[in-house]
Structure formats: structure tokens, C-alpha cells
There are 2 protein chains.
Amino acid sequence: MSLSKKPYKGTRDFFPERKRELEYIFSVMKKTAEAFAYEPYDGPLLEEVDLYRAKSGEELINEQIYSFMDRGEREVAIRPEMTPTVARMVAQVHRETPKPIRWYAIPNLMRYERPQKGRLREHWQFNCDIFGAPEGKGEIEILQVAISLMKNLGATKEHFEILINDRRFVDAFFNEVLKTDQGTTYKLYKVIDKSKKVPVDAIEEMLTKAGVSDEQKKLFNEYLALNNFDKLTSFCSKYKIKKSCEGFLNFINDCKNSGIEEYLSFDTAIVRGLDYYTGIVFEIFDKNPENRRAICGGGAFANLLQIFKEAPLPGIGFGLGDVTLTDFLNTHKLMPDLKNPKIDLLVTFQDDSGESQSVLLAQKLREKGLKVELHFGNIRPKKVFNLTDKKGHSNVTFMGEQEVADNSVQIKNLDKKETKTFKINDIDKIVEFLGGIS
Amino acid sequence: MSLSKKPYKGTRDFFPERKRELEYIFSVMKKTAEAFAYEPYDGPLLEEVDLYRAKSGEELINEQIYSFMDRGEREVAIRPEMTPTVARMVAQVHRETPKPIRWYAIPNLMRYERPQKGRLREHWQFNCDIFGAPEGKGEIEILQVAISLMKNLGATKEHFEILINDRRFVDAFFNEVLKTDQGTTYKLYKVIDKSKKVPVDAIEEMLTKAGVSDEQKKLFNEYLALNNFDKLTSFCSKYKIKKSCEGFLNFINDCKNSGIEEYLSFDTAIVRGLDYYTGIVFEIFDKNPENRRAICGGGAFANLLQIFKEAPLPGIGFGLGDVTLTDFLNTHKLMPDLKNPKIDLLVTFQDDSGESQSVLLAQKLREKGLKVELHFGNIRPKKVFNLTDKKGHSNVTFMGEQEVADNSVQIKNLDKKETKTFKINDIDKIVEFLGGIS
């Protein structure tokens, strides 16, 4: 049996066109984060499993994690997410680092899951976090970063929206309105998580199973039906939970002054599962009904450093994966055409005597910062044009016997259909003809 | 016991300064490869172990690989090197792709080894390969790429050299001069590999152990003593192996016309172990006697696609890791100072009423492409200067009651010690004052 040429299940081979798309996405992520003065960081591919266990508990880590024993009997895992790593790193330095700490990373992550649309075993995830910002300020900025990223990728509010909720509100609803015990609250969190994906009957059934009363069911459905900030405010007044929800209500007010409100929709179904969030929680959603899915999730957390026995340091962050983002960009035709590499010049020669001059010319132009492809071996003009057609070159050199004798080179700009002959040493003039240094 | 804050053994946490250094290195790698029209690719973090087994055999893969069973009973490994992946990918597309195929990648890799200077369990490796180039041409170009990289990083021939040998020559020496059988040849390859690291007596002892005759020992030492291309040529004539070494001898001649000869030293100790090379083999060495180590290794191979039952496609490539490269750059003081991020402007306000204007100004400047850090909450000028001192900002805004009333902002350029007041809407003038868009 011959060896498989396919990549491992749920992972991808990035041939140049796809890799350029990935790099385009990364470059916009980097540019956006740095526009807000977020600094880059990275951590190890492997972490000890205890780190994930401390954050998520035994149940969650076992399901979707690539873990194994190393030869030193350490239980390690390929990072399935970046948050535990960033928490570990911040725990090392937060005491001596001026606040707020603004960090971003674009790590590759792996999760053991059934590959399907939008979900693969390996992906890259843009992570942005701010730690130690004054109450309410980091929330606004993190949302600005997320919105800027989408705008810098060419998306508008016709393409995406940010669904937002707040764990302080959800908790107040459970503790002060529904008055459920911890076990029931846990179950109802899961019902909320599923509420948009299942029919009404199914919700009814799940509530019955969770053992809630008819009165509680009514309240729960009233909660689910809240679909804008005004209704939320009325609800908080009606059930006297304004005090507990103060942080969220203030945040909503601040959003109005920050130019981000138009992207936000209040959505009670967003709770971000059983995660570690303690304040706002949000997801960026594709508005296209055929690609209706989250492409980003995040929120505020009070206590990420607790597992390291460090003093609490509040933070807000989000993660945005390349797989769903690429689907989003393709769906809305926002992915630039990166089929061909951008090569400034193809160097060819039509006589063997032109080789060494061509090699030298190519090298000199590269030293000026140009991207130069050398064709090995002499080649007839007709075949040159086959090549340039295939790879989309804009400029090509020709060097035959005559040019060699003259120490010159012919350069053709294929876009402008303009041909000019240069002395081989007139590097600056050649650079100028080629449009300068990009 | 509290959770460890340290990274997993043999891996690194990249705090912002280190991450910027890594990104600097990556950007020079990318720029260099693309100057030669090499296209980017990437592959999965995990590959099936069979891929490495097919390339390297059972013995080699077991020693240093992170392998484990996934839940679907597939034996997988974290990629310890990129060559098997690139071979697998090229095998998929080489039939319909115009030759030569020029590809590069900068993957993160893991090897299970004892961490020590220059060797960690996780590192990044710049991989450049060219497939299907005419005989001898790809070799020259790949060396040009490697040399350009070093030059683009600020290194000169005072800092590094390329030690080069050729497997065709080594094989001819074994087969036609020493006339050893395969088992002995295999042992002697290992002796060559170690020849520079052990004293002369130890070599003598290893040769005896390998069962070679006194005559063979004499020849072997004559081989090891060859230390320049002229001696190589004489040796090939003397022992009548010029025919078998033709490719290498031609290559040496071609180097003279390509401006790379000055970086090359013939070194019989370079054989690149038991690897898959079949032509030239080379290593870039730090010339500093205190950091005397290889920072790059590569060579030519005839048959990398064989394991996929594909027609032979010759290639040449190299790998260069970030750990040894960083040591090299630090040793020679070639690493730029990246302690602080490059932020175009720190936005501060000295009265609460300045907040919303400041937020808006920051956002408008970011949309122009500037990197803008917003300070949350009003702050006295003295404290502002503490901040700018610490993080090395070049420009800072001040906005007090007066400025708010005037719709204006004061901007101080800290390098030029120049302060100017602008109308808040004069974004273009502000951008100009800040030195334009980088």
C-alpha cells in the first residue's frame, strides 16, 4: 500500500494561494490589534493538562483535547485554546507591568472534533485581551477592536452583527427572579445555550426535565423573548434587578457614545456556555441566513488568575478563528484574489550567453527590494508568454545575443504593453520602470 | 499546591519583546524568500507517523518524536520537521504545477530532546525548497537565498560561512576508493559526522571498531584532511573519481560566477547524517569561536517523492531554526532593539470632559492607519511622562478643560520636544505632524 498524500483528518494543507489568504487575514488581524496598541505574544504549542483542568474542570477537557503522556510522564496537551496560556503568562508579569495590559496572538490550536463546515481539528485563532482596564472601559475597546477588524476586512453592518448579553444580568435573573438552585441554574444555562437551535417544544421539554415550575417557565420564556436594550431595561426595573445589572446598563449607555452601538444586538441566548465569563459576553454573527453562525466569541472575566493564586485582575477578550472567518469572507465575496504571487519581474534570456548577466541583474534588483523570479535556461519568447499568462507576471526581461553584446536588457511591461531597453547597470532606472519598491 | 506559571519544559513563553524579535526574524525570512519568488505554504501540525517512518525508518522516528494515538486509533505525531510534509504536498500537485516549484514555510516544530543551548523542544524553522530545477541551477539559487537571508539580517562573511560537501563525492570515495561494503560505509558515515567533535585518537578507535584496514585508515584520513576545493579536485583526479563527482565539480565552478563562492568552504565532515540527501549538502556555521555551531542545514535530494510512488522529482532545500539564529544574532549584536512597541501616539486627557473627544480622535487616527494607544481615565501631565518614559512613546496628546471648550487638542512630539495645538477635526494635519502613515 502506498503512503497517503492527504493531510491528517480535520487538518488542512495550505498550498500557496490558500496560504496567501491566511496571511492576508493574519496581516489584517495584526494591523488592527496594533492600531489599538495591543502587543503581540505567543506561548508553547504544548501545555500541561493541569492548566486546562484547573480552568475548565475534568469533564470539559476530556472531550475535545489532544492530550498524551510525554516520556517524562508529564500529562500534556496540544493547546485547544489560548486563554489558559495567556492567563499563565500574565500571572508571571502582571505585578510589574503597567495596566492595562493589551495583548494579542494568532496561535494554531487543535481540538479533537468531528470535522464539519466551520469546524476543523486544527485552526488559527486571533486572540485579543485587555487586563486591568478600569470598569467598563476595556469592554468598549475590545468591541472596537473586533468591529475594526471586520471593517478592515471589508465587512459592514450589512454583513455582520454583534450579539451581546451579560452574565451579571443572567445571574441576577437566575438568583433574584427565578430563584433557582445551583443545579437547576446549571441546567438552564444549557437550555439557553441551545434555545436558538431547537424548536419551542424542545425548550419546553428541557425545562420540564430540569424540574422548573410553570411560573418559572413563564419567567424563563419572558427572559428569552427580550430582544432589545429597551426591553432589557424595563425587565430589570420590573423585577427590581437594576442594581445587580448596573455594570451592564452603564456599558450599554457608554456604547452609544463610542460609535459601536449600531453593531450591537441584545440577545439573551448568548451566554457562552459554562465558561469563565463574569460580565459582558458576545458573539459576532454572520447576517447571511445561509451562513448563520458565530465567527467570534468573547467576554469579560474577573478572575482568570485565581488558579495561580494571584490577586484578581479583570480582563476582557475574544477569540476569532480562521475557518469561520474564511467562510464568512468567501460568502460575502470579501476575500481578495490571491491566486498568483505578486512578482515584480520575471527574468528570462534567449541565448545561453545571457545567463550570467541575468543572474546578476536578478540579484541586484532583489537587493533593491524587488521580487524577482529567474527562469532557468534559455527560453523562446512565445514560451515566456505562456509562463507570464499562467502566473500573472506584470514585467518580464528578454536578453538575446544582441542585448548581451550591448550589455543591455529589454523589459516588457505586460499590463501597459510597453517595452524598453536598459543598460544592464542602470539599476535605478530599471527599478523606476518596474514601478519602484513596493 | 498551586498551578505552575512556567511553560512546559523546553518550550518558551514569548512576551511582547521576544515576540517582536521572532516576528522581525520571520519578516526577514519572508522578505528574502519572496525576493526570489518563493511562494508560501503550510501544512498540518499533526501528521500520521507512517509518513516519518517511510522517510526516516523506525529507528530515527522513535527517538525524538512526539507521537501518540488519537481517539480513532491513528498513530500521529507533532511535526518534528517540515520536509515530509512538503514532500507529501508536492506529491499531490507536482504533475500539474510548472517547474521549478519554489516554496517556503516557517512552521513551528517539536522534537523530544534534552533542552540545552541552541536546542529546545519547540522551535520555528524557515524551510526553503526548490523542486524540478535543471541540474545544478537550484543548488546555486538555494545557496543565494540562504546567503541573502543572512545578509538581510545584517550578517557578513566575517560572521558566518557555509560549509559544503557532496554526497556524490562521499559515496564515490566509499564505493570506488575505500571500496567498503554497505555496513562499513554506514558506520564510517557516522565517524565522519562525529569527526570534528572528537579527538584524533577517538577517530582511530572508531575506525578500528568498524573493521577497516590500515590502508583504508590512511585513505580515510586523507579524505578528512581535504580542506579546499583545489585539494578536492586533485584528490578526485588522483583516485580517478572525477566522473562520479562531475556534478559537484561543475557546481563548484558555477559558484564562482554567482557571487556566492566567497561564502563557501569545502568541508569533508559535512555529510548531514543518514538523511535523504543525494547531492550537495551544506551547513551555515557561526564563525564566532564561542558559538561555533550550525545554524542551518540543507542539501539536494533526488527522490523525496518515492515514498508516494511518484516519479522522481529532484529538489534542494534547507531548514534554519529560530533558536540558533537568535543566538547567532545576539552573539554578533545584530538583533534590533525591540523592547518597546512602535506606537504613533498616546492619547490622554486631563479632564473627564475630554474622554469622548479623545476616544473619537484615537479612532479617526487608527482609521488613517496610525497606531494609537488610549489612556483610560484622566491623568495628570506628570504621570503621562512617567508612562511615555517607560514605553518610549514619541507623541502624546493632552486635552484639558480649555481644549475641550475649543474643540482642540495639544500634541507633544517628545523626540523633537515640539508642542502644537490642532483643531480636533484637522485629522490630516495631525497625521502629518505625527510623521505620516508608516
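These points concern a helix pair and some aromatic ring pairs in a predicted model.

1. Helix H9 (residues 229-238) and helix H10 (residues 246-256), both of chain B, have axes that come within 12 Å and cross at roughly 150°. Angles over 145 degrees count as roughly antiparallel, and H9(B) and H10(B) are therefore roughly antiparallel to each other. The handedness of the H9(B) and H10(B) crossing is left-handed.

2. On the H9(B) side, the contact is made by B:Phe229, B:Leu232 and B:Thr233; on the H10(B) side, by B:Phe248, B:Leu249 and B:Ile252. By class, the residues in this contact of H9(B) with H10(B) are five nonpolar and one polar, with no charged residue.

3. Over all chains, the count of aromatic pairs is 53. In the pair B:Phe229 and B:Phe266, the ring centres are 5.9 Å apart and the planes are at 35°, so the pair is tilted. This pair links distant parts of the chain: B:Phe229 is in helix H9 of chain B and B:Phe266 is in strand S9 (residues 264-266) of chain B, 37 residues apart.

4. Buried means under 20% relative accessible area. B:Phe229 has 14% relative accessibility and therefore counts as buried. B:Phe266 has 5% relative accessibility, so B:Phe266 counts as buried. B:Phe229 is also one of the H9(B) residues that meet H10(B).

5. In chain A, ring pairs link a cluster that consists of A:Phe169, A:Phe173, A:Phe174, A:Tyr189, A:Phe220, A:Tyr223, A:Phe229, A:Phe235, A:Tyr239, A:Phe248, A:Phe251 and A:Phe266.

Key: Residues numbered from 1 in each chain as written. Chains lettered and ligands numbered in written order. Predicted model: local features only at pLDDT ≥ 70, side-chain atom pairs only at ≥ 80, totals over all residues. Heavy atoms only, no water. Axes fitted to C-alpha atoms, helices over the stretch in contact; angles between N-to-C directions. Helix = DSSP H or I, 4+ residues; strand = E, 2+ residues; numbered from the N terminus. Parallel < 35°, antiparallel > 145°, perpendicular 65-115°, else oblique. Left-handed = near helix turned anticlockwise from the far one by under 90°. Contact = heavy atoms within 4.5 Å. Nonpolar A, V, L, I, M, F, W, Y, C, P; charged D, E, K, R; others polar. Phe/Tyr/Trp six-rings, centres within 6.5 Å; stacked < 30°, edge-to-face > 60°. Buried < 20%, exposed > 50% of the residue type's maximum accessible area, 1.4 Å probe, protein only.
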